[in-house]
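Subject: Structure for your review

Dear colleague,

Please find the sequence and the structure below. My notes on what was found follow directly after them.

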Amino acid sequence: MSKNTILKPIKSFFDYVSFNLQYELMLLSYRGKNRKEVFNDIYYRNRWGGQESISGRGSTLKQTSVIIQKLPRLLEKLNAKIMLDAPCGDFYWLKEAQLNLEKYIGCDIVADLITTNQSSYGNEIREFINLDLATDPLPQVDLIFCRDCLVHLSFKDALAVIKNFKKSNSTYLLTTTYPGIIENKDIVTGDWRAIDLRLPPYNFPDVLEIIDEESTERKDYPQKSLGLWKLSDIDL
Ligand SMILES: C[S@@+](CC[C@H](N)C(=O)[O-])C[C@H]1O[C@@H](n2cnc3c(N)ncnc32)[C@H](O)[C@@H]1O
């Protein structure tokens with residue numbers, strides 16, 4: 001056995017321990033931060049490790065190819081003309097979808113993302129707004145598209161966001177859910193875990209439609225999906 005083959009596993013073991021330690025320290029620091037500080041930290045340090053998109057490995061063109069195809073068809077079917085993309089992140093992959101909308105509004109808590117999106121992609125139809133989905137007034141739209149957001153929020157913050165969606169009097173919510181998760185776990189905002197929105201504390205009714213993203217990002221969560229609900233059917 002060469003020196004290399006002995007050293008390699010030891011080196012990767014230390015890498016593993018060091019990565020986990022850093023991650024735990026990051027989460028500890030998030031306990032003392034507000035939502036804006038947490039997501040600014042993730043953005044400026046590229047904490048999700050995205051090479052293609054700052055929103056991480058779930059937002060590559062490969063991982064979103066199914067949604068790029070299916071979202072326009074769903075909007076057509078629902079006759080949705082005004083959509084709130086909440087949150088939009090860097091708008092990296094959604095710019096590729098042929099959305100036949102009268103108005104697209106993208107929003108995010110990170111102000112610099114919004115400034116960049118507005119100058120790169122803003123036009124008469126597309127507008128980008130800096131806001132906090134948990135607290136700021138939201139426009140009334142036909143469909144709120146909320147991908148890969150509630151999975152990063154504590155129960156308290158996620159429930160505040162959903163209540164705020166309802167308060168906007170918008171019609172539909174299309175959002176990330178993982179059907180078949182055994183139970184929903186609470187986290188500190190800025191961490192991640194899969195959620196099934198039909199389970200407590202969300203208790204959504206059965207979906208009207210579901211889009212399987214056919215995700216290959218994580219082998220342990222192949223069922224990553226977008227569920228469609230009427231906001232008026234969600235009892236919170
Ligand atoms: C993983 S990214 C997903 C972005 C996009 N939906 C996508 O599919 O690529 C999550 C985004 O949520 C934003 N975010 C988290 N909490 C938010 C809040 N309370 N209000 C607005 N944006 C928020 C973050 O800044 C980040 O850009």
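In helix α3, the residues Ile67, Leu71 and Leu75 are buried. A residue is called buried if 20 or more other C-beta atoms lie within 10 Å of its own, exposed if 12 or fewer, and partly exposed in between, with C-beta atoms placed from the backbone. This is a predicted model, in which local features need pLDDT of at least 70 and side-chain atom pairs count only at pLDDT 80 or more, while totals for chains, interfaces and linings use all residues. Residues are numbered from 1 along each chain as its sequence is written.

Helix α3

Helices (H or I, at least four residues) and strands (E, at least two) are DSSP runs, numbered from the N terminus. Helix α3 covers residues 65-78, and its 14 residues should span 20 Å at 1.5 Å a residue; the end C-alpha atoms are 21 Å apart, which agrees. The expected span of a helix is 1.5 Å times one less than its number of residues. At Leu71 the helix has a kink of about 25°, shortly before the proline Pro72. The bend at a residue is the angle between axes fitted to the seven residues ending there and the seven starting there. Just after α3, Asn79 adopts a positive phi of about 55°.

The chain as a whole

Five helices and seven strands make up the elements of the chain, and from the N terminus on their order is α-α-α-β-β-α-β-β-α-β-β-β. The radius of gyration is 19 Å, close to the 18 Å that the globule rule gives for 236 residues, so the chain is as compact as a globular protein of that length. Here the radius of gyration is taken over C-alpha atoms, and the globule rule is 2.2 Å times the number of residues to the power 0.38. The C-alpha trace spans about 65 × 40 × 35 Å along its principal axes. Of the 236 residues, 31% are buried. Among contacts between residues at least 6 apart in sequence, 64% join residues at least 24 apart; two residues are in contact if their C-beta atoms, placed from the backbone, lie within 7 Å.

Surroundings of the ligand

There are 18 residues around the ligand, and those that come nearest are Ser59, Pro87, Gly89, Ile109 and Leu133. A residue is near a molecule if its C-beta atom, placed from the backbone, lies within 6 Å of it. The shell around the ligand contains eight nonpolar, five polar and five charged residues. Pro87 lies in the loop between β1 and β2 (103-108), and the peptide bond that joins Ala86 to Pro87 is cis, with omega near 15°.

Phe145 is in strand β4 and counts as buried, with 27 C-beta neighbours inside 10 Å. Not counting residues up to four places away in sequence, Phe145 touches Met83, Leu84, Asp85, Ala86 and Leu174.

Ser225 belongs to strand β7 and counts as partly exposed, with 19 C-beta neighbours inside 10 Å. Ser225 and Arg147 are 78 residues apart in sequence, yet their C-alpha atoms are 9.4 Å apart in space. Residues up to four places away in sequence aside, the residues that Ser225 touches include Thr177, Tyr178, Ile210 and Asp212.

The loops on either side of β6

Leu199 is located in the loop between β5 (172-177) and β6. Leu199 is partly exposed, having 15 other C-beta atoms within 10 Å. Beyond its neighbours within four places in sequence, Leu199 is in contact with Ile181, Glu183 and Asn184. The loop between β5 and β6 also holds Pro201, and the peptide bond from Pro200 to Pro201 is cis, with omega near 5°. Asn203 is found in the loop between β5 and β6 as well; its phi is near 55°, a positive value in a residue other than glycine. Asn203 is exposed, with 11 other C-beta atoms within 10 Å.

In the loop between β6 and β7 one finds Glu214, whose phi is likewise positive, near 55°. Glu214 is partly exposed, because 13 other C-beta atoms lie within 10 Å.

With kind regards

Notes
Ala, Val, Leu, Ile, Met, Phe, Trp, Tyr, Cys and Pro count as nonpolar, Asp, Glu, Lys and Arg as charged, and the others, Gly among them, as polar.
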